[in-house]
Amino acid sequence: MGKILVTGGLGFIGSHTVVELINAGYEPVIVDDLSNSNPQILDQIEKISGVRPAFHQIDLSEENLVRKLTVAEPDIEGIIHFAASKAVGESVKLPLKYYRNNIYPLVNLLEAWYGTPLNFVFSSSCTVYGQPDELPVTEKSPVKPAASPYGNTKQIAEEILRDTVASGSNYKVIALRYFNPVGAHETALIGELPIGVPQNLVPYITQAAIGKREKVTVFGDDYNTPDGSCIRDYIHVVDLAKAHIAALKLMQSNNFSGYDVFNIGTGKGNSVLEIIAAFEKSTGVKLNYEIGPRREGDVEQVWGDVTKAASQLQWKAELGIDEMMSSAWNWEKYLSENPL
Ligand code: WQD
């Protein structure tokens with residue numbers, strides 16, 4: 001099926017995608033600078049799949065290292081580009097870190113393989129829509145001015161990809177706009193590994209449940225939503241990983257050329273309070289939580305129209321909130337017994 005370079009392949013979404021690539025018969029080659037990931041994830045991938053993928057520890061913002069990679073891996077057929085910084089709050093304080101880490105590697109990769117017929121999958125985000133005027137958001141909904149440098153890097157990256165494809169590069173490119181990835185692999189051998197205090201809801205919940213955090217704070221219950229808390233489209237990371245395989249398959253078929261974007265979510269929204277209730281129900285663990293003030297920069301509600309992915313990628317999410325919560329919890333319990 002071909003060799004696929006997976007940048008950021010030891011990260012949360014990257015590691016799950018590497019496993020799904022192996023399951024689908026591809027040969028993933030991992031590139032990761034370990035700035036926000038753990039080298040033991042390579043062992044975990046091997047435990048799950050029986051395959052130990054090739055691994056290059058490289059900072060892709062170094063142009064000469066990316067050129068060397070084209071020599072070391074001359075026969076790759078595709079690139080799935082996850083490697084990026086992703087903390088929204090940090091990006092406001094350190095914008096140049098985000099422009100460097102999220103833009104230089106993309107440009108270096110595209111330049112290094114320019115002219116080669118290659119399938120390229122890019123990790124984009126529903127953050128490009130901001131607070132949409134109409135729900136659910138479709139791929140035709142307007143891209144709104146970014147609320148953070150992180151969000152801006154995703155918008156700029158999409159433009160770089162679109163313009164590069166239009167220039168006659170020989171690339172086929174699919175940008176996947178992820179909604180909120182949560183959950184972990186069913187084996188509980190890989191999952192999200194937040195450094196420090198988690199910024200995202202589900203890792204915060206699981207750490208509070210295991211006793212690493214005192215309580216969960218719900219950021220606002222006075223929004224214009226049925227229960228007053230914010231609504232998001234949470235998607236299981238294994239479903240999300242499979243969307244990358246579907247994107248590669250579409251590009252390998254003769255039914256795709258150029259550049260396109262797809263929403264990758266479940267098409268359903270859940271509130272923060274619903275997520276807390278679902279966690280308690282599916283794990284039987286009571287959560288200590290309180291209502292706090294709103295978090296600056298949060299959009300009130302967003303969920304995706306995912307019909308384009310269903311019809312063109314032949315992909316749709318299969319796992320529900322229960323599986324998202326129980327797998328995230330199993331991973332947290334695994335980590336508490338097997339610290340990585
Ligand atoms: C979800 C909901 C919070 C923590 C961000 C980025 C997005 C993507 C994923 C990726 C919100 C509420 C959270 C807590 C809470 N980026 N919340 N208490 O903000 O939707 O998306 O992360 O790499 O691009 O914007 O995700 O998980 O932070 O928040 O009440 O302790 O949970 O207010 O409504 P978000 P999140």
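How do the residues of the lining of the second largest pocket divide into nonpolar, polar and charged?

1. Basis. This is a predicted model, in which local features need pLDDT of at least 70, side-chain atom pairs count only at pLDDT 80 or more, and totals for chains, interfaces and linings use all residues. Residues are numbered from 1 along each chain as its sequence is written, and side-chain values use heavy atoms, with hydrogens and water left out.

2. Ligand shell. There are 19 residues around the ligand. Leu 201, Thr 217, Arg 232, Arg 295 and Asp 298 come nearest. By class, the shell holds nine nonpolar, six polar and four charged residues. Ala, Val, Leu, Ile, Met, Phe, Trp, Tyr, Cys and Pro count as nonpolar, Asp, Glu, Lys and Arg as charged, and the others, Gly among them, as polar. Helix H7 (201–210) and strand E8 (216–219) each supply at least two shell residues. E8 gives the most, with three. Helices (H or I, at least four residues) and strands (E, at least two) are DSSP runs, numbered from the N terminus.

3. In the side chain of Arg 232, an N or O atom is 2.5 Å from a ligand oxygen. For Asn 200, a polar side-chain atom lies 3.1 Å from an oxygen of the ligand. Gln 199 uses its backbone: an N or O atom there lies 3.4 Å from a ligand oxygen. The protein covers 88% of the 690 Å² of accessible area that the ligand has on its own. A polar contact is a pair of N or O atoms within 3.5 Å; within protein, one must be able to donate a hydrogen and the other to accept it, and residues adjacent in sequence count only if both atoms are side-chain atoms. Accessible areas come from the Shrake-Rupley method with a 1.4 Å probe; for residues, only the protein chains shown count as cover.

4. Second largest pocket. Its volume is about 230 Å³. A pocket is an open set of points on a 1 Å grid over the protein atoms alone, where a 1.4 Å probe fits, with protein on both sides within 12 Å along at least five of seven lines. The volume is the space filled by probe spheres set on the points.

5. Its lining. The pocket is lined by 17 residues, with an atom within 4 Å of a point. Glu 192, Pro 194, Gln 207, Glu 332 and Leu 335 lie nearest the centre. The lining divides into 10 nonpolar, four polar and three charged residues.

6. Ser 148. This residue sits in the loop between strand E5 (118–125) and helix H6 (149–166). Ser 148 counts as buried (under 20% relative accessible area) because its value is 8%. Its side chain reaches the backbone nitrogen of Gly 151 at 3.0 Å.

7. Backbone points to check. Leu 135 and Pro 136 are joined by a cis peptide bond, with omega about -5°. Pro 136 is in the loop between E5 and H6. Gln 314 is not a glycine, yet has a positive phi of about 55°. Gln 314 lies in the loop between helix H10 (307–313) and H11. With a relative accessible area of 66%, Gln 314 is exposed (over 50%).

Technical notes
Near = heavy atom within 4 Å. Buried < 20%, exposed > 50% of the residue type's maximum accessible area, 1.4 Å probe, protein only.
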